[in-house]
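Hi,

Here is the structure I said I would pass on. Have a look first, and my notes follow below.

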2 protein chains.
Amino acid sequence: MTANVRQTVLSQEISQQPDALEQILIAADDAVCEAAARIRAFEPEVVLLAARGSSDNAARYAQYLFGAFHGLVVALATPSLFTLYHRPPQLRRALTIGLSQSGQSPDVVAVIDETRRQGGLALSITNDPRSPLADASGICIALGMAPEHSVAATKSYTGTLLALAMLSTKMDHDPVRGEALQSVPQAVRDALVQRQLLAAGVRAFVGYDRFLVVGRGYNYCTAFEIALKMKETSYVVAEAHSIADLMHGPMAMVDEQLPVILVAPRGAGSDESRLLLLRLQELGAKTIVISDGELLLELADLGVPMSHMPEWMSPLIAIVPGQLLALELAIVRGRDPDHPRGLSKVTRTL
Amino acid sequence: MTANVRQTVLSQEISQQPDALEQILIAADDAVCEAAARIRAFEPEVVLLAARGSSDNAARYAQYLFGAFHGLVVALATPSLFTLYHRPPQLRRALTIGLSQSGQSPDVVAVIDETRRQGGLALSITNDPRSPLADASGICIALGMAPEHSVAATKSYTGTLLALAMLSTKMDHDPVRGEALQSVPQAVRDALVQRQLLAAGVRAFVGYDRFLVVGRGYNYCTAFEIALKMKETSYVVAEAHSIADLMHGPMAMVDEQLPVILVAPRGAGSDESRLLLLRLQELGAKTIVISDGELLLELADLGVPMSHMPEWMSPLIAIVPGQLLALELAIVRGRDPDHPRGLSKVTRTL
């Protein structure tokens, strides 16, 4: 890195991701195998994901992953049914997965507790195997990373995605998909190289305090996670939508004052992404595109290339330019990305 | 109404809601009873909601309603698993409910088709009993309203909430809750009286083009629907969050440049709402509060009172000031609320 690349805790943790992911592939393997065996034996009727913040975006990834590969209906838990209204749903045949970097959030723990009380299967994915969440769940996949200090989660997000992806490959004994995951750390390493491109490119976007972030299918989660990073570190209003949801109303907002970030790795939605991009440009919106497709990258005001991946793995890579974008936008806007105002690292909500 | 209240198609449809809801209580009763009987006999393991736009916000209401009163796990469908990836989940034991005013959206129809193909139970709630959605579903609850012409859905939204609420009361044979619903049309009529208060009050907010809208539990849906109305008619960026989600990151955005609309009818989350309001004001944010609680209303920069309702019914009332707010904000910003740019009434997404 050159001297003009600013080091922050956030930038360090973003850079630690390739090593952290390599470590998870090895160290979490046993716990993932055990969890997969328990899930196969249990044969859940439904999967409930309990999470907040970035972990909730990881849960969105699980919706597509477990839906597409395992035919499971995946619901995002509504914790207030447990904590506020004390009327939890029936979970006897449910697999509940609690996702939390710190494992501290009481609302996520409450969903896990209730699942086990009813006889359902409860799994947690957390970075702290001694946390209340790990204690409460029957099975814990620990990420085993060095503690994450930045308020804006980065390596715990990609680590959680990887643990979910590993779990999916073990659930259906798929050695091909399992092997494919081994390429993720290097692809993340390659993605980090884009930092200087992004540092230069975001300067054209410094005057905007509203953004749309659009993704679809597997990368619906990526759109939400990029938007969250931008909100946390740059205090801009960044709103995530799927392409379909955008068409059902929010499209009316789009004009030259509202830049759009489009997450569009090649895959089932490629044609749709191209049509959307052309429409956005007709409306005068400036666009940033994260993709492995040359045509889309050329059309964009700022095209950020990424390595090609099978679509189900692409969220692990596509988020990295988004993290760097949020980081560089914060720096160019004069914000301190390590100390977002009004936030602390561990948030305990009910 | 006085001469300075502007008539638009949108304002007319907002005003038609009390009569339309009265009509639904009578005309939809038979279909609701039949649907409830079929659901009880089927004993679904899980409920899947397929919807887009405002109907997707009605689906959020169903998550809490069917969770709290019937112990059902409710998932919002991810239509792209059906239409883009062709990997639908297993739905043999699922109740799928398709919500669409027009009944035209191919993605919603695809989820219904697949449910029936697999032997699951499929229900639709639509205003057009001759639509593709109604045709595809085994059971249809028709709202039976005069056609909705405004692009921004209002009466079809409250009509869908009412049909869902009626269905819930019939599913557990609860005559007390069923009777309580009879009071909704008058409460909506009472809420419409706030239009002049809102027309005057929004003038203080005309200079902002970014808003947060916050609600929790049953009124999580209300926050999303108010945000959508504002986006569609005023082209402002309005982002909806639950109180808990706000604490996990987006709180960093809040300052004197970001007004917050808080939907907080009295109920299980009242204490939390009050604490949030105080915190928002410490951060300098201007606040609009929709509530039946005097303390909250007094604390707000703009307090919009609503009739007291049991919390599970409150989303039917709390949305009305939000609709009026979006309408008046559009007018004062010089927008034409009847013709949002870039949108058409029927949106056909895949």
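(The expected span is 1.5 Å times one less than the number of residues; helices, H or I of at least four residues, and strands, E of at least two, are DSSP runs numbered from the N terminus.) Buried in α6(B) are B:D107, B:V108, B:V109, B:A110, B:V111, B:I112, B:E114 and B:T115, where buried means under 20% relative accessible area, exposed over 50% and partly exposed in between, with a 1.4 Å probe and protein chains only. Their cover includes β1 (46–50), α5 (80–83), β3 (94–100), β4 (121–126) and α7 (132–136) of chain B. After the helix comes B:G119, with a positive phi near 95 degrees.

Some housekeeping: this is a predicted model, so local features need pLDDT of at least 70 and side-chain atom pairs count only at pLDDT 80 or more, while totals for chains, interfaces and linings use all residues. Residues are numbered from 1 along each chain as its sequence is written, chains are lettered from A and ligands numbered from 1 in the order in which they are written, and side-chain values use heavy atoms, leaving out hydrogens and water.

Over in chain A, A:V109 is found in helix α6 and is buried, at a relative accessible area of 12%. Neighbours within four places in sequence aside, A:V109 is in contact (heavy atoms within 4.5 Å) with A:G103, A:P132, A:L133 and A:A136. A:D174 is 65 residues away along the chain, and its C-alpha is 31 Å from that of A:V109.

Now the sheets. Chain A has an open one of five strands in the order β2-β1-β3-β4-β5, with parallel pairing; strands pair if DSSP finds at least two bridges between them. β2 (74–76) and β5 (139–142) of chain A are the edges, each with a single partner strand, so one side of each has no neighbour in the sheet. The twist averages 20 degrees from one strand to the next; axes are lines fitted to C-alpha atoms, for helices over the stretch in contact, and angles run from 0 to 180 degrees between N-to-C directions. Four bridges join β4(A) to β5(A), and A:I125 has A:I141 as its bridge partner. Helix α6 of chain A lies across β1, β3 and β4, at about 155 degrees to β3(A), and α8 (residues 155–171) of chain A lies across β3, β4 and β5, at about 140 degrees to β4(A).

In chain B, five strands form an open parallel sheet ordered β7-β6-β8-β9-β10. Its edge strands, β7 (237–241) and β10 (302–305), each pair on one side only.

How do the two chains relate? Chain A can be laid on chain B with an RMSD of 0.0 Å by a turn of 180 degrees and a shift of 0.0 Å along the axis (least squares on C-alpha atoms of residues with pLDDT of at least 70 in both). That is the relation of a two-fold axis, and in chain A the C-alpha nearest the axis is that of A:A75, 2.1 Å from it. The same surface serves both copies, as 99% of the contact residues of chain A recur in chain B.

Cheers
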